[in-house]
Amino acid sequence: MSSLPRRVKSEAKALTSEDDELPSFLNSSSESEEEEEEWEPKSKIAKRPRLPKKNEAKTKKVAAPRSAVARKKVKKAAIKEEMDVSLPIPPAEVNRMQLLEPKEEDVGTKPKTLNQKPEVPKKMEINSFQGKKVKSLENDEEPSTSVPVVGNQVKHEKSEEDFAFDEPPFKKIKSTTCPEGKPVKNLGGNKVKEEFEMNWDIVQALSEITNVESWVCANLIRLFQEENTIPFIARYRKELINNLEADALREVQQTLEELRTVAKKTHTMIQKLKKEGKLSGCLLTALLNCRTLEELDHVSAPYKTGSKGTKAQRAKQLGLEPAALCLLQNPMELNLFSYIRPNTKGLSTIQEVEAGVQHILADIFAKDKDTLDFIRKLCQQRYICIQSALAKVSSKSGNEKDIDKFQLYHEFSCNIKNIQHHQILAINRGENLKILTVKVNIPDGVKNEFCWWCVNERWRPKQFLKPELMRILRNSVEDAYKRLIYPLLCREFRSKLTSDAEKESVMMFGRNLRQLLLTSPVRGRTLMGVDPGYKHGCKLAIISPTSQILHTDVIYLHSGQGFREAEKIKRLLLQCNCSTVVIGNGTACRETEAYFADLIMKKYFAPLDVVYCIVSEAGASIYSVSPEASKEMPDLDPNLRSAVSIARRVQDPLAELVKIEPKHIGVGMYQHDVSQTLLKATLDSVVEECVSFVGVDINICSEILLRHIAGLNANRAKNIIEWREKNGPFINREQLKEVKGLGPKSFQQCAGFIRFNQEYIKTFCSKKAELGSHALLTKAGAQGKKKSKPTPCASRQPNPLDQTCIHPESYSIAMRFLSFIGGNANDIGKSDMQQKVNAVIQKEGLEGTAKKLNTTVHTLQLIIDGLTQPEGFDIRTDFDKPDFKRSIVCFEDLSVGTVLTGKVENATPFGVFVDIGVGKAGLIPVRNITEAKLSKVKKRRSLGLGPGERVEVKVLNVDIPRLRITLDLIRVL
């Protein structure tokens, strides 16, 4: 009986490996599952004789749903994506109990799991999304949008047992919703613990590292394993994650990956050592205690293949290990002279024997968990500093320019608790360039206290020690500290500081990128994009308010032909009725800006009131030669494509910037020094978050934009576009299920972020009706029947809720809320709807209304937002627009005390760079950015400014030789 869950688990693993569309954050999970097969080879042998039983169970399935394995087989054929559905699923209360007391409940869970399995037959029947409408009627009284009721599961939970939790009751029963009604398994740490069998619980470790409650960590582990995306979790699973923001979710996800990597590598090492016959009980315990790769490397280094062996290993090979253990356990009986072998190297003299014993003892001390914990705790209480100095080699032969860059760090010392992230990255870069030497300074007091504690407490012999043996013990402790423990501590400190600095750098890059992507679009304007240049001229592109290219040209402003070209520019601006010029900030930007500012000041373009703005052209040249640009603008020269891209960056920054690889947008700090894998994963996740939260109109958006919606990828986006071209526009969200390759999980993740313009759909439907759409529906019905999809006749009706951020899983509650307030779905976004909602909420309160609707406050708030936001609502309207100008200020014009307005260009941990229109960004040091100066209106993720924000600043210092401007923040505009 006990082998049954194991068999089910192995099949789930096979299914996982088949799915080639796994998100990046599940890669480590899938690797760890492969690892389990290596780690428990016996389970494979045990499974083979049971194979015929699976077939028997499968044939009996029609009569009675008794075998979980038979269910698995059927489900596997039906839906490849839903890998977790057929796993044994305990009820939510059992899961909560397991979270609290995993060790006590561990034994009893499996039988419960098997007993509970046949109670969920619905999932076997609904292998696609047909029956959705029927299901929503059946579950009309479910406790929450995000809490599907499977049978009488919720009532059963309440009557079974009562548990004491700090969280509100809904958190106990909250579950991940799938249209099939798949309950969440609040079992984050147990499965991973079983797989890796580490001496620490992954839920607790994750909670300690990230400072997130353990119940939230457990839920997140499960949500990530079920292939939920960060945008989906952040918006539609708020109760499960205690309302965490996307940045915090990413941090938990990355930490989880790191812990799984440690666990995976640990078990790989254990397998290897076991095969080589080097695995002892003490070594196994030491390996299973490792929480970081540094600890693992320290413990496993001597046993790696190709290692010549440590001094302790060579001493053990000479047979000195019994003597070392005897010194600690029974020193009265120890006689070192009996180990002398005159003809054996290493044993020929008493000094060599003593040295060998000393090395073995030092090795024992350095690998002992209690000893390492004591020295780490001691270091936390003392002043540990990191020091950098100019390397002797670099001072003789280095490039002076490079050496000057690191002038601050030529004689630098700082407490490791106070050192800033950018300082660590700068020191590391200087060390890699061999300009700086770096060391960690641990005071002698730490060594003295540690040695005393080891000799007198931790490793105190059980009997009286002779003076010569006491000398060996003291020498062993000192040797362990100097040769093994001190280098380990230095590596750990440096590694932790670097890791934290890299993470902060990547997170800062992500925050800056988000701010840039969410820059408010400039709608309804005809724009002229200018890509400045000297010899090869300035490239022009004029685009219409709908992003269509109206005209492209090349003008030569900086080769003595400026006056003649001014006539051409004026003619083009008047011809296209364009009054906004967008200039890229690359080569010749300053001269081009001065040229246009001069013409504007002279009112040369009258009657047009022309304004201009400077925009970052980072990545524009890379994009202009990319396959996407060639496909989008096949007949255009690559140089002119960059001018089009520059103009579109102002018109719709998000739609244009997603075409460029995020790291080329260049709003980070030391992005080339950090882990490129981590950087790419984080930035891709930020892009997905921004595109999803803004939402896309499914009938007009580009394929590139669709790729970045949560739950979609390049293939699915391509299939959606092909479906749209073949069948015409999508009428409602249900039709997405007809797209090839878009299964239940993908639909669940992406549906809430896809919008439908109701006016456009109504116009389309009325035209189709006039042309006789009945034949088209019949044809589509045949296709739907072939693919076992819902009947199109029912799904061809527009749904007003599809224009909102409300998820389809919440439609039944949204309709109940509408009837509760006496509203109509056709009034969504109108002032009447706002008034009705306000009246009910003022009378009943948000919590009272949620209770009456049997849902949660977060779900209800999302429904209210969706119903009251005006049609075409865009979250980017709260963000800053480009700074349009008519005149220019020179670097030489600046003086201390001058007050200017500018736009934040980049944010770093040490300050914010502001473009004040003088060709060189000024720096507001972080000490000058205080909470009192920041806007109270805008909700901030952190105490800081981001790219695109407009600020008023005062000049504090101008360093003309070094081209540096120091600013003070007056206020945020």
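The model is predicted, and the values given below are computed from it. Its salt bridges number 41, of which a few are described here together with one cis peptide bond, the one from Ala-606 to Pro-607, and two residues with positive phi, Asn-243 and Asn-577.

**Salt bridges within a helix or between helices**

- Side chains of opposite charge can pair when their charged atoms come close.
- Arg-590 and Glu-593 form a salt bridge in which the closest N and O atoms are 3.2 Å apart, and because these residues are three positions apart in helix H29 (residues 589–601), about one helical turn separates them.
- Within this pair, Arg-590 is partly exposed at a relative accessible area of 23%, whereas Glu-593, with a relative accessibility of 4%, counts as buried.
- Arg-707 pairs with Glu-628 in another salt bridge, with 3.5 Å between the closest N and O atoms; since Arg-707 belongs to helix H35 (residues 703–707) and Glu-628 to helix H31 (residues 627–632), the pair ties together parts that are 79 residues apart in sequence.
- Both partners are partly exposed, Arg-707 having a relative accessible area of 27% and Glu-628 one of 26%.

**A further pair and a network**

- The side chains of Lys-278 and Glu-276 also meet in a salt bridge, with an N to O distance of 3.3 Å.
- Lys-278 is partly exposed, its relative accessible area being 36%, and Glu-276 is likewise partly exposed, at 35%.
- Salt bridges also link Asp-247, Arg-250, Arg-514 and Glu-689 into a network.

**Backbone geometry in loops**

- Most residues other than glycine have a negative phi, and most peptide bonds are trans.
- The peptide bond that runs from Ala-606 to Pro-607 is cis, with an omega near 10°, and Pro-607 itself is placed in the loop between H29 and strand S8 (611–615).
- Asn-243, a residue other than glycine, has a positive phi near 65°; the loop that holds Asn-243 runs between helix H15 (230–236) and helix H16 (246–276), and Asn-243 is partly exposed there, with a relative accessible area of 41%.
- Asn-577 is likewise not a glycine and has a positive phi of about 55°; Asn-577 sits in the loop between helix H28 (562–576) and strand S7 (580–584), and with a relative accessible area of 57% Asn-577 is exposed.

Notes: Residues numbered from 1 in each chain as written. Predicted model: local features only at pLDDT ≥ 70, side-chain atom pairs only at ≥ 80, totals over all residues. Heavy atoms only, no water. Salt bridge = Lys/Arg side-chain N within 4 Å of Asp/Glu carboxyl O. Buried < 20%, exposed > 50% of the residue type's maximum accessible area, 1.4 Å probe, protein only. Helix = DSSP H or I, 4+ residues; strand = E, 2+ residues; numbered from the N terminus.
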